[in-house]
Structures are given as structure tokens and as C-alpha cells.
Amino acid sequence: MHSYRLGAIGIVVTFFVIIFSTVLMPMVLFNPKPNDRSNQYSRIPKNIADAERGRKIYVREGCFYCHTQFTRLQDRGYGPLVKAGDYVWETPHQLGTARTGPDLTNEGGRMASEWQKAHLIQPRAVKPGSIMPSFSYLNERDMNDLVAYLQCLGNRREVHAFVEAPDEYRTTTPAGVALHNRKTVDTNASASANAGRGIYTQNCAVCHGLNGLGEGPNATALEKKPPNFSRPYYKQYSDEFWFYRVSEGVPGTRMPRWIETLTEEQRWYLVAYLKTLPQDSEITINNLNQIDKVEDIRLPKLSNQQYEPHHGGHGGHSEGSGDNMSPSEHQMPGQTTPPATKTPSSTTGTSTESGTSKTDGHGAEHKEGGH
Amino acid sequence: MIGGLEFSMPDLVKNVPQLAFPHLRMFHVNAVTIGWLSMGYVGSVFHMVPTLCKTKLWNERLGNMTMWAWNLVLVGAFCTLLNGNTEGREYAELGAVLDVMVAVALVLVALNIYMTILNRRVKKLYVSLWYFLGSLFWFPLVYIIGQRTFVALPGLNDAIIGWFYGHNILGMWFTTIGVGMMYYLLPRLTQAPLYSHGLSMLGFWGIALFYAPTGTHHILQSPVPEWLKAIAVISSIFLLVPVLTVLTNFFMTMKGRWGMAVTDLPLRFAVTSCMFYLVTCVQGPFQATRWVNWYLHFTQWVVGHAHLALLGTFSFILSSAVYYSLPRLTGREFYSQGLIRAHYWLKFLGFLLMMTSLTIAGLVQSAGWAFNIPVDQWSLQIRPYWFLRGISGIMIVLGQFLFAYNVWKTLYTKPAATAAPAAKAAEVKA
């Protein structure tokens, strides 16, 4: 009888230790704050369609068995990465487990609403080879609400600011025109990105890390740390700017001038790859009022410029030292000036019901190149 | 008592784009977990525990009642899930009423078994009883925590609890009861004593310690806290310890008696199950490591792994238990040995085919994601594998039909107990 009692106590204690460590502890310790990038379903006026009801239909029809809603570091071309705070209002969670279909994290605005609707009714009419079942049995209201929901996904993870390469890399000068005339690589194609991936792995990953997060093995020994390419700032880079950076290196850091070692073609392939690195939906602070204040700690006086993503963040990384841009060029995320977006050549992104123009040119390019 | 053994073993044919696949999928998962495996498990436990304790079941009327409650749940699940009345939580789709019914039934089953064990006539607890005791304590709690019916947690916490439940329905219920059944069946069928009681205890406590925290490895690449991921990965790898202990014990028990598996059909099912258990449990920890997960997650490989565990391991051991216990309960021989053989081969070959096709499909998909190839391009590439999977599904369903038919014929004096599930399986297949 004694051994039995001991065992029973053992079973109970083990179980509660585990419940404590994996159920209670995350509930207490893991409380991500809601951020302003989570899906906002009230965006679409209720008299057009009800996105919140659309979410219920998404759940009811079991879309999450085949579609996930979180981007991973290695998912190039699926838009910005997600943060824990994005999911605070999402319950039941629709993270999903299997990707029999594409990821839908940043689906909003990627396709026109008419396209989405046609795709729900007969997927193979708009996407030959799709194995998605037809949802033609949904009634008009359900269908509209579901589309409204899809159009709300991820549309607040946007890139705002914009930077330019030096003149000799742009078509404003004869040198730039000549450069572009010599260019044979399609920097928007998946194939080019895959070619660039090999070049990146061989040459860049030692410092920049496999996923471009700036955590390669060499990075520990560098005084000026390599940047984290998943930061939204880098998604503003034009092809020319990437090409300029890769070619000329960053003065004052260990970033070499790759013009010495790589051919022009190889560097363009690299650009194609670098553009497909995922984006972290990091919150960049525009203004000191947005910081959570701790009363008894006196914050040092900071100018906007010091908080600007070029200069701040990542341990004084390589970016700021080389370029001589005036402060006026440093536009802040969240600033009221309308962002000068790289409008993707395809127009599908702009014809949604509510007239959203998706500023994530990156995602749109993917669609163009692939789907 | 026998009524707890019920059969609905649906398998989905996914080679053609199917009307409302997600609804079928919901029902498939719930019918397999709640319907086939859980009911079969409880039925077997109701047989094994009294045998091991050399006493009668504490309350047989309660046992029958839980059986009917459970069947009612399954009918309810059939009606609701196929119409899309779901909570939208994977593995926990059932609505609030059904949730409560399952939980109550589980608690009553646990009560029944605990009272039986308290009234036992043998002093020492056999290792199977340890497993049953543990599972019946853990699982009702895991089930109640995991359903989250009446709470709305923030998204990621919902996911953490969801996968705590999603993995522990395997770890604290299917695995522990299944392994307990293996401990019961192998020595019985081979007429040999268990190789080592000490090893079996090590295996039991190993599973108890390391299984429960592994759930987070399903969301290893989502923004949940790193420490939770670390716990999940480490305990997933540690799981190799109890698994190998348990299997060493089984294989040493089988030593010198492997030949018996050729002639003894229930034993053949049990040994096949052990083999698949080895494969699934070596595969599992590797998949849970970050870099393998990086490549393989989200693909059909994982689906193959899930089928390896539920179909290859636990469904086989359950069939073995039924083939073993039914003649002893009814005092009749099985209607047809040939049908058992046919069941075995259809299920075995069907499953091998399914596993192979899913695994290859998973690798194709992984490559697709790793090289950033759009989904609609590789989805055509894996169509042949889905077709194969469809064929294998038909084979397995056919095997299960033969099984159901065989059981029904064996107890034709009580046709009510099995006629309904056979019809259910037919509907699911259609």
C-alpha cells in the first residue's frame, strides 16, 4: 500500500510541475503588449462587409488546416515578419500547422477583392494547378465578409520611409544609365534570388548570418556590428541602393567593397536575394512620448535623429557612418507625410474594395514573379 | 463492457479537390481521436484493469453509461463538425456541450477505474496499471485545460495551450494507454514474463516527466517565448530515453519468440505496432530540433508522422487488443481468421504506402518552401503522392471494414453495439 501511495503522489506532483512550467508560467510571464500592427478588422466599413464576421467564417470553413498565419525567417517573399504583439486580439488563434496552401499572414491587399472572390468560387479558374476546394456553396454575404477578412490580414505592417542610391548608380547620370544598360539580371525573379542565395551563403553569411539578421559567427568579433536586414528600414532600399551598398561596402566598417571580388552579374543576383529577406515588423519610435515612461529613470535627451533607424538600434551598426544624407531625408515611420512608395508595376494591389494601396512592394513582387 | 469497442476509422482520400475538405478533416481528426482510439482504449482498459486486479469492474452500469455518452458525443460531432460548427481550435473543435460531455465521461471512466484498482485482489500493481492510472489522471485535466471552451485567451497564449493539449492528447493519453496495453499484451501473447520491471518503471516516469512540456515544438518558429521553445525541444529529445527503455523492454521480452508473430495474429499486430513506435519516436525528436523543424515544418511529412503514431502504432495495438480480448470476453472464436489476415495486410501495406507517399510529398514541399517556389507550382508536383495516399486510404478503410464486419459477425447476438459505427464509417468514407 505504501509504494502505491508514493507512486500516486509522484504522478500528481509530476503533472502539476509540468502544468506549472508549460501552462501557468507562459500565462504569467508571456503577456505581449498589443501593438499597432495587428490586424484591424474595423478598417472596412460595416456597410460594405463585416471582416470580423469574415473571421468567423474563416474558422468555420476550417481554412487554417491548410493556410498558416505566421511568417518565418526563411519565408522569403511572404511579407513582413510577425511579432508576438500582433496576435493579442486573435482568438481562437489561426496560426495553423500545415501549409498545403500559401501563408496568409500578409494577404491583405495582395490581390483584388474580385480576384479573391473568384478564387473562392473556382480556385482553378484564376490559379491553374491549385488544389484548394471550391467554396462556391458560401452565400453572397459570407463570401463578401470572408474576402473582407482576407483583405485585412497584415495590411498594417507597412514600410514608410524611402532612401536613394548615390547619383552615379541611378539613371539620372550617364554612368547610371550605362550600368542599367549592362544589367541582364531580373532582380524581381525568384530564380535570380535563388542564385543570389548561394552567393550570399558563400560570401556574406559569415558576418551577416544565414537569414541576414547580422548574427553570423564573425559578427561577435566585429566592433561595428553587421546590420539586421529584417528591419523595416532595409525594405525601403531600391535595387540601386542595394547594388551600391554591395559594390562599395561601408566605409569605417569591415564591410568590403565587393566590386573587387564579385562580378557585376553576381552582385545583381545578390540584390535579388537581399530583397527577398523577410521583414521584421519592428516598431520604430518616432517620438519620445510613445516610449513607455518609467518615472524614476531620467531618460537622456534624444533627438529624433538618434532614434532614427539608420543610426539607432543595433549597436551602432555600419549604416550611418558612410552616407552623408541630410536629416531631412531621414523620414520617420509613422510620420504624416505620405510615403513615397515604390509602386509595384502590377496594379492588382490597388483595386481592393476600400482602395488600399499595399505599400509592401516586396510582397507584390513575389506575386508577380511567381504565382 | 464490450460496447466500448467501437470502430470508425475514416481516412481521407485527398487526391481530388474535395467538396469541403476542411469539414471532413475536422471530423476525421475527432472521429479518430475521440471515436476510434479513445473508445477502443477505454473498452480495452475496462477489460484489462479488472483482469489485472483479479476483480470485477467497480460499477458496470456506470461503464455502460459512459459508453453511451461517448457514442452520443460522436453522433453530435458528426452533425456539428460537418456543418462547420467548430471552435476553430485544432484537435479541440468540438462545441461546448460536447466538450462537457466528453469531460464528464472521462472523469466517470477515471472514477470507475480508480475504484476498481482500489478494490483489487492482487497487491502489486503491474506496470500497465501504472500507465492506466497515470493517463486517467492526466488526460481529463489535459482535456479540460486544452478545450478552452469558456475562455478567450490572447492569440499566442491560446496557441501555447492549444499545442499543450494537441500534443498531450498523444503523450498523456494515446501513448501512455497504448504503451500500457503493449505491456499487457506482449507478455500475455508470448506467454513470457516481462523482461524487466525496473526498466518499465524508468520508462513510465520518463514519459511522465518529458512528454507533457513538448507541445510548443509545433509552433517552434512563431513568436512565442524562446525559453518555452527551449523546454519543448529539450524534452522532445529527452523523450528518446523512455522510448528506448520501453522498446528495449519489449524487444527483450520478445527475444527468442519472434517466430510466434508469424502464426499468432494478435501478436503480429502488437509487434508491428512496436516497430512503428520505434520509427515514430525516433522521427519525433529529430523533427522537434530547430534545424530539422526549419526545413520540415508545415509539410505533409508532419502529417505522415502523425499518421505513423496514431495509425501505425496505436491503431495497430488497439486492433491487437481487440483480437486478443474479444474471444476471451465472449467465449467465442473470431468469425474468420482469414479476415483478420486480410485486415492486417491491407492495413499494413496501406499504411506503408501512405507513410511513404506523405513523406516524399513532405520533402517536395519542404524544398518548395526552402527555395521560395510558389505554392501552386509544387502543389502539382506532389499530386502523384496524394493519389497514392488516396489509394492507401482506401486500402486502410477496406481493412477496417473487414475488421468491423468480423467483429460484428463474431458478436452477432449483440448487433446493436457495432452496426451503428459501421454505418458511420461508411458515411465518413463517402
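Begin with both chains in view: 60 residues from chain B and 53 residues from chain A take part in the contact, where two residues are in contact if their C-beta atoms, placed from the backbone, lie within 7 Å. This is a predicted model, in which local features need pLDDT of at least 70 and side-chain atom pairs count only at pLDDT 80 or more, while totals for chains, interfaces and linings use all residues. Residues are numbered from 1 along each chain as its sequence is written, and chains are lettered from A and ligands numbered from 1 in the order in which they are written.

Next, select H5(B), residues 155-190, which gives the largest share of the side of chain B that touches chain A, namely 9 residues. Helices here are DSSP runs (H or I, at least four residues), numbered from the N terminus.

Now select H4(B), residues 127-147, together with H6(B), residues 197-210, whose axes (lines fitted to C-alpha atoms over the stretch in contact) come within 10 Å and cross at roughly 10 degrees. H4(B) is therefore roughly parallel to H6(B), a term for angles under 35 degrees. Among the residues making this contact are B:Trp130 and B:Tyr131 of H4(B) and B:Met201 and B:Phe204 of H6(B).

Finally, move to chain A and select A:Asn35, which lies in the loop between helix H1 (2-29) and helix H2 (51-60). The C-alpha atom of A:Val88, 53 residues away along the chain, is separated from that of A:Asn35 by 8.4 Å.

Technical notes:
Helices (H or I, at least four residues) and strands (E, at least two) are DSSP runs, numbered from the N terminus. Axes are lines fitted to C-alpha atoms, for helices over the stretch in contact, and angles run from 0 to 180 degrees between N-to-C directions. Angles under 35 degrees count as roughly parallel, over 145 as roughly antiparallel, 65 to 115 as roughly perpendicular and the rest as oblique.
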